[in-house]
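Have the sequence and the 3D view open as you read.

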Amino acid sequence: MSKHSPADQAPIPTAPVPPAHWAASYEEEPSQASTPPQANGMTALKPFGWAKDNLFNTPLNTALTVACLVLLWLVVPPMANWLLLNASWSGSSEACREAAGACWSVIVVKHRLIFFGTYPYDEQWRPFLACALFVAMLGASGVRAFWRPWLAGAWALTLVGMGVLMWGGVAGLTYVPNDRWGGLPITLMLSVFSIALAFPLSILLALGRQSSLPAIRTFCVGFIEAMRGVPLVSVLFMASVMFPLFLPEGVTVDKLLRALAGMTLFTAAYLAEAVRGGLQAIPKGQYEAADALGLGYWQKTMLIVLPQALRIVIPPIVNQFISAFKDTSLVTIVGLYDLLTAATVATTDPEWRPYFAEVYVFAGLMFWIFCFSMSRYSQWLERLANRYTRR
Amino acid sequence: MTETAIIELRKVGKWYNSYHALRDVSLSVAKGEKVVVCGPSGSGKSTMIRCINRLEAHQTGHIVVDGIELTDDVKAVEKIRRKVGMVFQNFNLFPHLTVLQNLTLAPIWVRGMAKSEIEEIAMMYLKRVRIPDQAHKFPGQLSGGQQQRVAIARALCMRPEIMLFDEPTSALDPEMVKEVLDVMTELAGEGMTMVCVTHEMGFARQVADSIVFMAEGSIIESGSPAEFFENPKSERTRQFLGQILEH
Ligand SMILES: Nc1ncnc2c1ncn2[C@@H]1O[C@H](COP(=O)(O)OP(=O)(O)OP(=O)(O)O)[C@@H](O)[C@H]1O
Ligand SMILES: [Mg+2]
């Protein structure tokens, strides 16, 4: 039954359960649910009528429509020619020199370098498997039916599995130190881990910024403003160059870990401001109702305030996630080998140097796939969160 | 004063910065008593009633609820909030939770009750406020009157000994006022101790054991409804009654 001490229970002499006649003596109000009138059958689509009504209804609209069509005609065919029709899809660099379009052969030849950097060539199935596992788990974590306690266990197993695959040194896998890692695994792991760590941290910072304790408030404001006031590049430099100077002699922190820490703190500061926006949107009455019911600070925060506040700020939070994902490409300045760095290295081969544009288009496409997925997912999440709440 | 007082305010003073919101307010409410508080806008009615469960802190004087004095001691505040339920003008339901979840949240987390147990009790309270069929809707899908009845049921689910109402009907459309007042009248009939800020004088006449009239942060007069309406002592009260009973 109750986990409360008898002392807490004692002073409640009133009848604990309403007498049964209450339930019986009042007739229930009629339910307000009634079937809404059915919409009339959709009128058939008339493309010409639609175009006439929407694209050519005024002289100005007609002019704009024509201008757009001309622009499309000028841009689309040459682009399609370069990207697809005249492109060279396989073969040597000589074949590319003859072709008028893009040279996609460079991707075919260099994709292992772009995806996995300097990871030992024969072992690259390992980062491939690790990435596949990681992406699959990320996808699964987005599915509502999987939001169950066992998901946390699955993540723990996944992380261990990824560690084993990437580092090796056990189960007959050769050891690969993490300064040989590169490409997609670095980009994925740095971004996902820094976001996953920054998000809870940002909530604490945002709550701390509203704290009634001056010391906590000052610390949080100071941290947020300091981080937001400097470029990420300098935070990364600080994390990788200056931070080790403060450590006692003999203690070293891994370069990857230092970059992760820098990314996390930086992202947390920005996220904290987005979260704070959500906290400020919660009406005072919500706090008062929670107080009046006797909820403590953390119960109030976790059960009432955050669920509402975070819903409101899904768009700016995801915006920050996307930005953080792309910002991982800046870790190149501290000597880490992310996807974009790997792509840059791929263009240094003299034989394929003329086709750097194709390499960057490809790397851009990889970034876009992940960012666009996040964007679509956030739209779904927003709809889910607001399905029943009318404000 | 009286041994049986369950709420006791003695010379309570409260300032908002330099604004003196409560001036030496003394009030004693016996167990099972129904007190209606009225007075012009800004007279400190909300402030006083919110001091009773410490949504506002008083600065001078004493407030004792069921033998526990309200101080900065968090434990005392916690204990008192478990005994005191509150209903607000703007309902303040939790919009992200269903009606049933609104009712069961605090009993589960504050009282540590089992979910199945409290859900059964919550359904009984919803029947009592006559909206059991809305249990799985969200507050935003209900009318104002229904929302306020949910708010009353939510407070009752904590099994309070005292219920505070701060203008529970003044945000409602006229046709919904009655459904809420009916529920409150029934509650009064069952012996709940109630302190209710309201300008519904019909309700006050019918239900109140005593009426308290406030102006400018002080209690100007208090007495039984009969005395208060037929024979008000102060000029200020007569003026107020004249305005409010006009229509
Ligand atoms: N948080 C606050 N900060 C400063 N002043 C306040 C605050 N809350 C209330 N006051 C002031 O205290 C006085 C009493 O307010 P209170 O809300 O108790 O009045 P009320 O009698 O409930 O009025 P109403 O009928 O309009 O609800 C008002 O003059 C108000 O401006
Ligand atoms: Mg008020």
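Let's start in chain A, where E273(A) and R228(A) join side chains in a salt bridge, 3.9 Å from N to O. The term stands for a side-chain nitrogen of Lys or Arg within 4 Å of a carboxyl oxygen of Asp or Glu. E273(A) sits in helix α12 (residues 255-280) of chain A and R228(A) in helix α10 (residues 214-228) of chain A, so the pair ties together parts that are 45 residues apart in sequence. Helices here are DSSP runs of H or I with at least four residues, strands are runs of E with at least two, and both are numbered from the N terminus.

Before going on, a word on where this comes from: it is a predicted model, in which local features need pLDDT of at least 70 and side-chain atom pairs count only at pLDDT 80 or more, while totals for chains, interfaces and linings use all residues. Residues are numbered from 1 along each chain as its sequence is written, chains are lettered from A and ligands numbered from 1 in the order in which they are written, and side-chain values use heavy atoms, leaving out hydrogens and water.

Over all chains, a search of the whole structure turns up 26 salt bridges.

| Pair | N to O distance |
|---|---|
| K83(B) and E161(B) | 3.9 Å |
| E179(B) and R149(B) | 3.1 Å |

K83(B) belongs to helix α2 (residues 74-83) of chain B, and E161(B) to the loop between α5 (144-156) and β7 (162-166), 78 residues apart. K83(B) is buried at 9%, and E161(B) is buried too, at 5%.

In the other pair, E179(B) lies in helix α6 (residues 174-189) of chain B and R149(B) in helix α5, so parts 30 residues apart in sequence are tied together. R149(B) is buried, with a relative accessible area of 0%.

What about disulfides, meaning pairs of cysteine sulfur atoms within 2.5 Å? For C38(B), the nearest cysteine sulfur is that of C196(B), 10 Å away. C38(B) is buried at 0% relative accessibility, and C196(B) is buried at 2%.

Some polar contacts (N or O atoms within 3.5 Å) stand out by name. A polar side-chain atom of Y16(B) is 3.4 Å from a nitrogen atom of ligand 1. A polar backbone atom of G42(B) lies 2.8 Å from an oxygen atom of ligand 1, and a polar side-chain atom of T47(B) is 2.5 Å from an oxygen atom of the ligand.

Notes. Buried means under 20% relative accessible area, exposed over 50%, partly exposed in between (1.4 Å probe, protein chains only). A disulfide is a pair of cysteine sulfur atoms within 2.5 Å. A polar contact is a pair of N or O atoms within 3.5 Å; within protein, one must be able to donate a hydrogen and the other to accept it, and residues adjacent in sequence count only if both atoms are side-chain atoms.
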